[in-house]
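Here are some short notes for a first look. Please keep the model open while reading.

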Amino acid sequence: MPSLNFDTKKSALLLMDFQEFILKNFMPPEIASQVVKNAAHLLEAARKANIFVIHVNVSFRNNYPEISSRNKMFSWIKEKGLAIPGSNALHIHDALKPLKNEPVIHKHRMGAFTGTDLEMILRAQNIETLILSGVTTSGVVLSTFRQAFDLDFNLAVISDGCADGDAETHAFLTEKFFPHQGTVLSIQDMTAHF
């Protein structure tokens, strides 16, 4: 089992982009269903261990002023009407619904830090270790991981708490890329640290 030295009082679980429009449009239904189930198990264990939980989701204002025509991914989302402001498509999956004391970060880009107050919240709470779970592995997880690494956070990526529409990409990131700059654990191994 990979080792991770961390203090639960200085750790935060980031549950990222578990929204209906992402789960339905960027991965097969069976993978989406399984990763939500896995993330719900991880969330339950983190709450029992009193680990600080932060939810991250994509959101836009009416008329999408945050989306540049030069941003290929978000322009496509806008064109297809996949993330209509105020719609149910933007809601966090019911199995992962935030509690009142769990902050929700609203982002307009791929990574959880860009243009948000995530770093401020983490610093205010004296967080040193981030536990990452999200969809997609090659999207929000990768972007957030790289930024968090540059900000000197300890990092744990939960391999079965993340998913991607491309299984080979998910495998490459979790088996080859992330281990060089953080720790990759299964939910079972991560919760053993709680």
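1. Start with the largest pocket. The model is predicted. Helix H3 (72-80) contributes most to the lining of the largest pocket, giving three residues.

2. Next, the pocket itself. Its volume is about 160 Å³. The lining has 14 residues. Nearest the centre of the pocket lie Ile 22, Phe 26, Met 73, Met 110 and Thr 136. By class, the lining holds ten nonpolar, two polar and two charged residues.

3. Helix H5 (residues 137-150) has a partner in helix H6 (residues 167-177): their axes come within 10 Å and cross at roughly 25°. H5 is therefore roughly parallel to H6, since angles under 35 degrees count as such.

4. Look at the side of H5 that meets H6. From H5 come Thr 137, Ser 138, Leu 142, Phe 145 and Arg 146. From H6 come Thr 169, His 170, Leu 173, Thr 174 and Phe 177. The residues of this contact divide into four nonpolar, five polar and one charged.

5. Last, charged pairs. Side chains of opposite charge can pair when their charged atoms come close. The model has six salt bridges. One of them joins Glu 128 to Lys 10, with the closest N and O atoms 3.6 Å apart. This pair links distant parts of the chain, 118 residues apart. Glu 128 sits in the loop between helix H4 (118-124) and strand E4 (129-135). Lys 10 is in the segment before strand E1 (11-16).

Note on methods. Residues are numbered from 1 along each chain as its sequence is written. This is a predicted model: local features need pLDDT of at least 70, side-chain atom pairs count only at pLDDT 80 or more; totals for chains, interfaces and linings use all residues. Side-chain values use heavy atoms; hydrogens and water are left out. Axes are lines fitted to C-alpha atoms, for helices over the stretch in contact, and angles run from 0 to 180 degrees between N-to-C directions. Helices (H or I, at least four residues) and strands (E, at least two) are DSSP runs, numbered from the N terminus. Angles under 35 degrees count as roughly parallel, over 145 as roughly antiparallel, 65 to 115 as roughly perpendicular and the rest as oblique. Contact means heavy atoms within 4.5 Å. Ala, Val, Leu, Ile, Met, Phe, Trp, Tyr, Cys and Pro count as nonpolar, Asp, Glu, Lys and Arg as charged, and the others, Gly among them, as polar. On a 1 Å grid over the protein atoms alone, a cavity is a set of points where a 1.4 Å probe fits but cannot get out, and a pocket is an open set with protein on both sides within 12 Å along at least five of seven lines; lining residues have an atom within 4 Å of a point. Grid points are joined across faces, edges and corners, and a volume is the space filled by probe spheres set on the points. A salt bridge is a side-chain nitrogen of Lys or Arg within 4 Å of a carboxyl oxygen of Asp or Glu.
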